[in-house]
Amino acid sequence: MNPKRIGIYGGSFNPIHVGHVKLAKALLRLADLDAVWFVVSPLNPFKAQSSNLLDDDKRLEMVEETLKDEEGLEASDVEFHLARPSYMLHTLRYLSVTYPQYEFVLLIGADNWVAFDRWYGYEEILNRYPVVVYPRRNSPMNIESLPACVKIVNTPLLDISSTEIREKVKLGLSVRGLVPDQIYDKVIEYYKD
């Protein structure tokens with residue numbers, strides 16, 4: 001029997017929005033996954049100077065609240081318990097040891113794939129894990145040059161960003177329809193200052 005395939009969708013989710021959820025649902029289907037784990041990152045190495053990162057526990061709380069009734073989508077705080085900054089290689093290694101019964105699949109946007117050779121331990125990731133890349137606007141990809149372990153899936157392009165949501169909240173503008181209804185009030189409360 002084949003092991004369950006778990007997609008690892010890492011991000012700061014600052015805050016999680018409806019685009020994240022729609023994308024994960026599409027990836028679940030298109031990448032033939034049994035589940036997608038939203039790995040909430042405490043500190044992205046490429047955003048190490050970011051000062052507008054909401055408290056880890058509040059971001060995790062909103063992800064958990066958003067996903068509690070979404071079949072196949074789960075929140076994970078695994079990176080909260082690992083050394084910082086959070087390198088995806090360390091996360092994948094830890095998950096493989098902790099859950100040997102699963103096959104882990106890294107899910108990244110084309111914007112991250114373009115910079116993938118700058119990721120810590122990227123060669124080991126490519127040698128040990130399947131990678132599924134989804135399209136991002138203004139990040140064209142050369143399909144011919146992809147390693148065998150990398151698959152492109154054609155998910156919808158969703159023009160929603162956490163940055164835009166934070167800016168709108170600060171300006172007192174509505175973010176209805178951009179963030180899940182069940183966390184709307186928390187987004188306003190957490191990001192208004």
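**Close-up views of a predicted model**

View 1. Most residues other than glycine have a negative phi.

**View 2. Asp32, an exposed residue with a positive phi.** Asp32 belongs to the loop that lies between H1 and strand S2 (35–40), and its phi, near 55°, is likewise positive in a residue other than glycine. With a relative accessibility of 57%, Asp32 counts as exposed, because that class begins over 50%.

View 3. The bond from Asn14 to Pro15 is cis, with omega near 5°, and Pro15 is placed in the loop between S1 and helix H1 (18–30). The bond from Arg84 to Pro85 is also cis, with omega near 0°, and Pro85 is found in the loop between strand S3 (73–76) and helix H3 (88–98).

View 4. Strand S4, which spans residues 102–109, is mostly covered, as six of its eight residues are buried. Strand S1 (residues 4–11) pairs with S4 in the parallel sense over five bridges, and Gly7 stands opposite Val105 of S4. Strand S5 (residues 131–134) also runs parallel to S4, to which four bridges join it, and here Leu107 stands opposite Val132 of S5.

Conventions:
Residues are numbered from 1 along each chain as its sequence is written. This is a predicted model: local features need pLDDT of at least 70, side-chain atom pairs count only at pLDDT 80 or more; totals for chains, interfaces and linings use all residues. Side-chain values use heavy atoms; hydrogens and water are left out. Buried means under 20% relative accessible area, exposed over 50%, partly exposed in between (1.4 Å probe, protein chains only). Helices (H or I, at least four residues) and strands (E, at least two) are DSSP runs, numbered from the N terminus. Two strands pair if DSSP finds at least two bridges between them.
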